[in-house]
Amino acid sequence: MPKILLPSLWTSIRSTPNLPPQSWYLIAGVTLSTLNRPADIPHVFHHAIQQDGVSAEQQLAIARRMREALVKAAAIGGLPKSINALLALKQATPPALLDPPLEYSPTQRSAELYDVPASKILSRGQSFFDQIYGKVSKRVMGQMDRSGTEDLGVTARLMYAYVLSNTSVLTPAESSFVLIAGLIPQDVNPQLKGHLKGALNNGASVAEVRAVREVVVHLCEASGMTRLGEDATNGWGWRGEVANL
């Protein structure tokens, strides 16, 4: 697979005006995972932890944040891509920066699954969903409930409850950036529009959301995605303008 993470691309990404601090590696990792380029993710990680002045404690935080971003990306890009991305990241991660099973978990998801009443986690997920979608949240969830199978709504509730609404590692705004990074490569403007606005509801500024969008589009284009015509029968890219604020 051709190498796209050239020094010029790193410089361009990290110098993007208004890009939220310490978000570039989350956005890059999720975008590359969704583009099915897991082999590129270790390069993102190494670039992040090898910056001048990054302490061992900060390296651990970066590793945990990248892992959490890729876990949350499963809700948007699919579990297989997150599995491949996380396994590629693990191979490139020093043992001291891993969180072994049955030891400390920064998210406490295992405890939430087995030790916390499901009603409490489901309520948290519904609140997070309502915060993202604002005044249209009931309509959006209702559309899924009435999609022909109520199981679509059940799936969304579980995703929001146990995966997306856990903000122990990533803030609500950063979680929205992850969702945006996973949606743009898939050319799904109806969902992207909701999550661009949702990022504002989660505390991001318009300038920050536009900067995140710009970085994701740049990475997609570097990977070969292009603007396609509405009637295109082949090619890889977007059938219309990528949604924006």
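**Charges, helices and salt bridges in a predicted chain**

Reader: How far apart are the mean positions of the positive and negative charges of the chain?

Author: The mean positions of the 23 positive and 20 negative charges of the chain are 3 Å apart, where Lys and Arg count as positive and Asp and Glu as negative, with His and the chain ends not counted. Each charge is placed at NZ of Lys, CZ of Arg, CG of Asp or CD of Glu. The model is a predicted one, in which local features need pLDDT of at least 70 and side-chain atom pairs count only at pLDDT 80 or more, while totals for chains, interfaces and linings use all residues. Residues are numbered from 1 along each chain as its sequence is written, and side-chain values use heavy atoms, with hydrogens and water left out.

Reader: What makes up the secondary structure of the chain, and in what pattern does it run along the sequence?

Author: Twelve helices and two strands make up the secondary structure, counting as helices the DSSP runs of H or I with at least four residues and as strands the runs of E with at least two, numbered from the N terminus. Along the sequence the pattern is α-α-α-α-α-α-α-α-α-α-α-α-β-β.

Reader: Why is the chain called as compact as a globular protein of its length?

Author: The radius of gyration is 18 Å, close to the 18 Å that the globule rule gives for 245 residues, so the chain is as compact as a globular protein of that length; the radius is taken over C-alpha atoms, and the rule is 2.2 Å times the number of residues to the power 0.38. Along its principal axes the C-alpha trace spans about 50 × 45 × 30 Å, and 46% of the 245 residues count as buried.

Reader: Why is the pair Glu68 and Arg109 called a salt bridge?

Author: A salt bridge needs a side-chain nitrogen of Lys or Arg within 4 Å of a carboxyl oxygen of Asp or Glu, and in this pair the closest N and O atoms are 2.7 Å apart, so the pair qualifies. The two residues belong to distant parts of the chain, with Glu68 in helix α4 (residues 56–77) and Arg109 in helix α6 (residues 109–115), 41 residues apart. Both Glu68 and Arg109 are buried. The structure holds nine salt bridges, and a network of them links Arg64, Arg67 and Asp99.

Reader: What makes Glu241 exposed and Arg213 buried, although the two form a salt bridge?

Author: Buried means under 20% relative accessible area, exposed over 50%, and partly exposed in between, with a 1.4 Å probe and protein chains only. Glu241 has 53% relative accessibility and so counts as exposed, whereas Arg213 has 12% and so counts as buried. The closest N and O atoms of their salt bridge are 3.4 Å apart. Glu241 lies in the segment after β2 (237–238) and Arg213 in helix α12 (residues 206–222), so the pair ties together parts that are 28 residues apart in sequence.

Reader: How do you know that Asp145 and Arg157 tie together separate parts of the chain?

Author: Their side chains meet in a salt bridge at 2.9 Å, N to O. Asp145 lies in helix α8 (residues 137–145) and Arg157 in helix α9 (residues 151–164), so the parts that they tie together are twelve residues apart in sequence. Asp145, with a relative accessible area of 27%, is partly exposed, and Arg157, at 29%, is also partly exposed.

Reader: Which residues does Leu200 touch beyond its sequence neighbours, and why is Leu200 called partly exposed?

Author: Not counting residues up to four places away in sequence, Leu200 touches Ser205, Val206, Val209 and Leu245, contact meaning heavy atoms within 4.5 Å. Leu200 is found in helix α11 (residues 189–201), and its relative accessible area is 30%, so it is partly exposed.
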